[in-house]
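Subject: Structure for your files

Hello,

The sequence and structure are placed below. My notes follow them, element by element.

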Amino acid sequence: MNASRENPPTASHREAIRALYDAYFETLDDGRLEEWPEFFADECRYRIITRENYEAAQGLCIMQADSKGMLTDRVRAILKTQVYAPRYYRRFYSGLRVLGGTGKEWEVRQNVLIVQTLIDKPSEILGCGVGRDRVVSNASGELKFVDRTLVFDTEMIRNSLIYPA
Amino acid sequence: MNRIAKTWPAAGVSEIPYWVYTDPEVYAAELERIWYGDHWIYAGLEAELPQVGSYRTTTLGERQVIVVRSAPDQISVLENRCRHRGVRICQLRSGKLDGITCPYHQWSYALDGALQGVPFRRGIKGKGGMARDFSPSDYGLLRLKVEVVNGVIWASFSDKTPPFRDYLGEKLWSSYERIVDGRRLRIVGYSRQSIPANWKLVIENIRDPYHGALLHVFLPTFGLFRPDQASELRMDETGRHGSLMSLPARDSGGGHEDVTRDLAVDASLQLADKRLIEAVKELKGVETLGSCSVFPSVIVLQQINALQVRHIVPKGPGGCELIWTHFGFEKDDEEMRRRRIRHGNLFGPAGLVSVDDSEVFAMAQRGYETAEDGGATVVRMGTGGRENRDEGHMATESAIRGLYQYYREVMGL
């Protein structure tokens, strides 16, 4: 990560970053997938990667995008082409920490728990992990993800991971 | 071996009885006759074990083994169970060992499984100790038969399993060595999913070209696969192994409508970033997809620049795990490595294509588990079974019938 830890974020930076994550997870939990790519800069990276691959520096991801366009492609596939049993995800984040930054760009980490509810089954934990992200403030002052990397402790997935987190 | 008290439908292999997917007695017999019988089971890739002492644990059938480079030119596959009190010795998925020592009473084994040390074997101050007739050479870890073929490690619980290439058959060898051609491999990563469905659904699926463009809307929508592409379906003489190759879409005449009429394709959909599926040619031939399904444990598959082994681990009649090892070649440059990772989006538990399969497996299992006695799936597309080789089209289920011709023989059904 490039962000220097010598520029601690101010309280208002922290508040703005927390608001970004609140809106991000609310959008996903509500199933407004078309809006999801808008949280990202045009040049961005998105990854859900198992801890096993992450720690071994093996790049294979469960879900991955090299650009905002690929996030859009993922959304199209989820909505138009993939076949799966109906379900809801709810994402719980905690321990959000802004690790440092430059005043324009910040490193952020947070824990994430995903609870899956198949419509005819009790709710169950789908997985948990830690987000290791980079967020930037763009030309219009909006916060966007340039890197969202969710390192997933859960290496054995209950059949499928349909939606992003 | 006891006969299984089940009667196969009179229609033969064009009907697959639901009980092959649900019955615990049938499942127990599969473990014994198939997984622990005269078959080669996938144990890993040589690239995973770079140095003497490098090991991985993996599961063959339901039994866990340690796969370890025991000498520069030797790989040993050992059951991960101490011969003393039956304790699972290695707990990690991978690492490096000097020897193999059980945590309970410190029995220690060499990397090839030979028992080397039994603490207090001669007793303490002359008292106690191991029985006098105890011979350490009788108490090594269970060693499986091993063969390494073009970088892939195969193991068998049976000494009678024929050499791998004979086991696979010449017909399938070219499908196998098209993907693992002997070049040194490099691991791109793993993914794992626990599928609530019988293991046989996974191998039937890859031998079923009929579902390709129908279930996987992504493929025809984004131009990766059309039902009128020339394809080649191969089986070995026994019917147990299968291979599906598909060639680039051709202008087959006969009109486009006939091809797409039955498909749920929205022609207006385009990819925003075509790098998701843009491939460069790297293997022999013009095939866009090539798979080699080595019964019972594995599918080796290439699609675009994703190269992978799909390793099946049965977990009772109603479940299995699918472990994906994506690999490339040692000489891949950074751009190729990134391309393989991108193409990995199509596969695994969030696969843009493969999610359709694992979800449908679960839906199928739910259908079977509530089925009436005597019910069966219908497998009547195309003609013939294992004798019917090299069909050049996709409207067929002959390779599923071929698979069950072999299955009935090995299972005595």
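**The sheet and its surroundings**

I304(B) takes a positive phi near 40° in the hairpin of β16(B) and β17(B), where two residues lie between the strands. This is a predicted model, in which local features need pLDDT of at least 70, side-chain atom pairs count only at pLDDT 80 or more, and totals for chains, interfaces and linings use all residues. Residues are numbered from 1 along each chain as its sequence is written, while chains are lettered from A and ligands numbered from 1 in the order in which they are written. Helices (H or I, at least four residues) and strands (E, at least two) are DSSP runs, numbered from the N terminus.

Strand β16 (residues 298-303) of chain B has six of its six residues buried, so the strand is largely enclosed by the rest of the structure. A residue is buried if 20 or more other C-beta atoms lie within 10 Å of its own, exposed if 12 or fewer, and partly exposed in between, with C-beta atoms placed from the backbone. On one side of β16(B) the buried residues are V298(B), V300(B) and Q302(B), and on the other I299(B), L301(B) and Q303(B).

The neighbours of β16(B) are as follows (two strands pair if DSSP finds at least two bridges between them):

- Strand β15 (residues 289-294) of chain B pairs with β16(B) in the antiparallel sense over six bridges. G290(B) stands opposite Q302(B), and the hairpin of these strands has three residues between them.
- Strand β17 (residues 306-314) of chain B also pairs with β16(B) in the antiparallel sense, over six bridges. H311(B) in β17(B) is the bridge partner of V298(B).

β17(B) is in turn joined by eight bridges to strand β18 (residues 320-329) of chain B, and the two run antiparallel. Q308(B) stands opposite H326(B) in β18(B).

The whole is an open sheet of eight strands with mixed pairing, in the order β7(A)-β12(B)-β18(B)-β17(B)-β16(B)-β15(B)-β14(B)-β13(B). Its edge strands, each pairing on one side only, are β7 (156-158) of chain A and β13 (231-235) of chain B.

**Where the chains meet**

β7(A) runs parallel to strand β12 (residues 185-195) of chain B, and three bridges join them. I157(A) stands opposite Q193(B) there.

The contact takes 32 residues from chain A and 38 residues from chain B (two residues are in contact if their C-beta atoms, placed from the backbone, lie within 7 Å). On the chain A side, the elements that give two or more residues are α2 (51-55), β2 (63-65), α3 (68-81) and β7 of chain A. The largest share, eight residues, comes from α3(A).

**Helix α1 of chain A**

Helix α1 (residues 11-29) of chain A has 19 residues and reaches 27 Å from its first C-alpha to its last, close to the 27 Å expected at 1.5 Å a residue; the expected span is 1.5 Å times one less than the number of residues. I17(A), Y21(A), Y24(A) and L28(A) are buried in α1(A). Seen down the axis, the buried residues of α1(A) fall within an arc of 60°, so they line one face of the helix; the arc is that of the directions from the helix axis to the C-beta atoms. The exposed residues on the other side of α1(A) include E15(A), A19(A), D22(A) and E26(A).

The cover over the buried residues of α1(A) includes β3 (87-101), β4 (105-118), β5 (124-137) and β6 (143-152) of chain A. Just after α1(A), G31(A) takes a positive phi of about 75°.

Regards
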